[in-house]
Amino acid sequence: MADPYQNNVYHQGGGDRYGTYGEGGGHDGYGYQTDYPPQEEDAASDATEGHDEEDQMYEGEYQGIPHPDEVKAAQRAARTKSHTAGTAGSDLAELSEQYEDIMEDCGHGRFQWTLFIVLGLALMADGVECFVVAFVLPSAEKDLCLSNGEKGMLGLMVFLSMMVGAFLWGGLADKLGRRRCLIVALAINCIFAFLSSFAQGYGFFLFFRLLSGIGIGGTVPIVYSYFSEFLQMDKRGEHLSWLCMFWMIGGIYASFTAWGIIPRYGWGFSMGTEFQFHSWRVFVLVAALPAISSLVGLTFMPESPRFLLENAKHDEAWMILKQVHDTNWRAKGKPEKVFTVTHIKAPKTAEDEFIEIQAATGTAVQRWAVRSLTLSKLVLRNVASLLSAELRMATLFMAIIWFCMAFSYYGLSVWFPDMIKHLQNEEYASKVKVFHRERVENFHFNFSLENQIHKEGDYIRDKFINIEMKSVKFEDSLFEDCHFEDIKSTDTVFENCTIRSTVFYNTDLWEEKFIDCKMENTTFEHNKHGCHLDTSEENDVLIYLVSFLGSLAVLPGNIISALFMEKIGRVKIIGGSMLISAGCTFFLFLSFSQSAIIALQCLFCGVSVAAWNGIEVVTVELYPASKRATAFGVLNALCKLAAVLGSSIFASFVGITKAVPILLSFCALVCGGLVALKLPDTREKILQ
């Protein structure tokens, strides 16, 4: 077999920043070959004998409808004319136009749909990560003995680690490759998510979730940059919007599996008191399945050819583009279509080459250190270039929009379920039973005590055996010659009580539950140490349901925004959705019941997803290929920072006032929506 590359010749002129791949005629830098050998002038096949060429007419021509190939040719001609007339006329613009033509020839088919599923699973893993800690905390706080401060730190560190991951992997993806960085990021997430499920202490669990978050934080900037570079212009907005749906699917998957697994406290095992593996740990493992699936799928996917061309890897880019072309047309039943590209231009990247110490003058460690230092400088230089004269305003506008949207969305996403839980607790507290100055002697408590307050009571020679105490408080009471045995308690405290000649046997009533109490001749035998899982709470099920409904409500908004992304335009969708979302928040002033909050959460999520879709599409289209993942990473990191601020601020007002969260979200959404209307329309813009 002949070598397919034997005719490939590289030409590099002195002043030309680009090398030319291949030989052939046709357009400058973009050649075509005929599919079949040319026939002689008078030759005719049996199939065409007896037919005049004039009779062969596209069925729409008599109506004046142009043939699709003519439409494409006209679009290419218009782009070429615009490029020639433009003052910039740069080689980068020529490469962008050429690459768009190539993607149009490759078509949209099986290859893109396969990549869509693989990258969608990675995006789904990011959506799951945002819910994991919130769902496991009610159980993990007992299993790991977490204080309120430690619970807050755990939730905070997840978003901060994802912020670091977005910045880190976004910058590296522009220098090392989209596929390569995504594989490493997902692998880090999978490894440390697995280890976190077995961590028995708070410190190790926090550490492993931190590293897991750093890994998964890189998925969003890389996934959108990666997928966009396999899409032609007229498909880009719609299919990037469809890709957003996987984040919603991640939320549904997380809430559904948490609902089905975590309340099943029997799903687990223990090895003594040192190793516990309860149902919430099973959920942590199941939550990593989308990331594992995406990681496996990525091993069969190629690198982005646009990234390879930017880094002058002509052969690899050409082979991948040919693979895309052949895969799509074979699936469409047209295997005879030939990939006709013979010329691909790509920039030289001398400025990005790593500086290595020669083997004779340095060790392997020294060479690695120099490569790492050089890579860090290149990434930081790329980040700084986002504030250059030509990108400064775009970066400023996008930063404001990302921040405002994330501040409101994540703030309200935390505030809605917290308010529902607060209303439930208020309703529960309103049904409390108060017992004042009761005197109980020689009584055997063989029934559970729940939601009770006992004040100034006297309990003489009483027995509390094999019962549960839930939300019980004893104040200023006397316990004398009492016996507590096999007690399981939740939110139970003894405050300012006197306890004399009393035995506590095999209970979980430790000293933290006795506040300012006097102990006289009291013994604790076989006391349960550490924290233990409570029985399932009814409130937990509703929290899973609320998250499930909120994620499911995104579906109609996602479908509508995807269908109209090209027709209405990104700018109008972003601005309109943010302003409508701002209006939705004001309905909270009208009604404030649990059902109203759930309904408004669904409405808010369904409308705001359209804004998210538009923001992510515009972010991809505003920046050139060499800075696309970097810009997306920086903006996504800012998004996570806004999420931390929004969720912290909004949560602090739960039970105090609802006016402040509503007004803050309204102002942020209006500000972001008005700024979005200033963005340029990128519908007809070739991917730079």
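This is a predicted model: local features need pLDDT of at least 70, side-chain atom pairs count only at pLDDT 80 or more; totals for chains, interfaces and linings use all residues.
View 1. Residues are numbered from 1 along each chain as its sequence is written, and side-chain values use heavy atoms, with hydrogens and water left out. S11 (residues 463-475) and S13 (residues 483-490) run parallel and are joined by seven bridges. Strands (E, at least two residues) and helices (H or I, at least four residues) are DSSP runs, numbered from the N terminus; two strands pair if DSSP finds at least two bridges between them.

**View 2. Strand S11 also pairs with strands S8, S9 and S14.** With S8 (residues 444-445), the pairing is parallel over two bridges, and His 444 has Lys 463 as its bridge partner in S11. Six bridges, again in the parallel sense, connect S9 (residues 449-455) with S11; here Leu 449 stands opposite Met 469. S14 (residues 493-495) runs parallel to S11 and is joined to it by three bridges, with Phe 474 opposite Phe 494.

**View 3. Helix H8 (residues 233-261) has an end-to-end distance that agrees with its length in residues.** Its 29 residues should span 42 Å at 1.5 Å a residue, and its end C-alpha atoms lie 43 Å apart. The expected span of a helix is 1.5 Å times one less than its number of residues. H8 is mostly covered, with 21 of its 29 residues buried. Buried means under 20% relative accessible area, exposed over 50%, and partly exposed in between (1.4 Å probe, protein chains only).

**View 4. Helix H12 (residues 314-331) is followed by Gly 333, a residue with positive phi.** The 18 residues of H12 reach 26 Å from the first C-alpha to the last, close to the expected 26 Å. Its buried residues include Trp 318, Leu 321, His 325 and Trp 329. An α-helix has 3.6 residues a turn, so residues three or four places apart point the same way. The phi of Gly 333 is near 80 degrees.

**View 5. Cys 639 is too far from the closest cysteine sulfur for a bond.** That closest sulfur belongs to Cys 130, and the separation is 8.5 Å. Cys 639 is buried, with a relative accessible area of 2%; Cys 482 is likewise buried, at 3%. A search of the whole structure finds zero disulfides, a disulfide being a pair of cysteine sulfur atoms within 2.5 Å.
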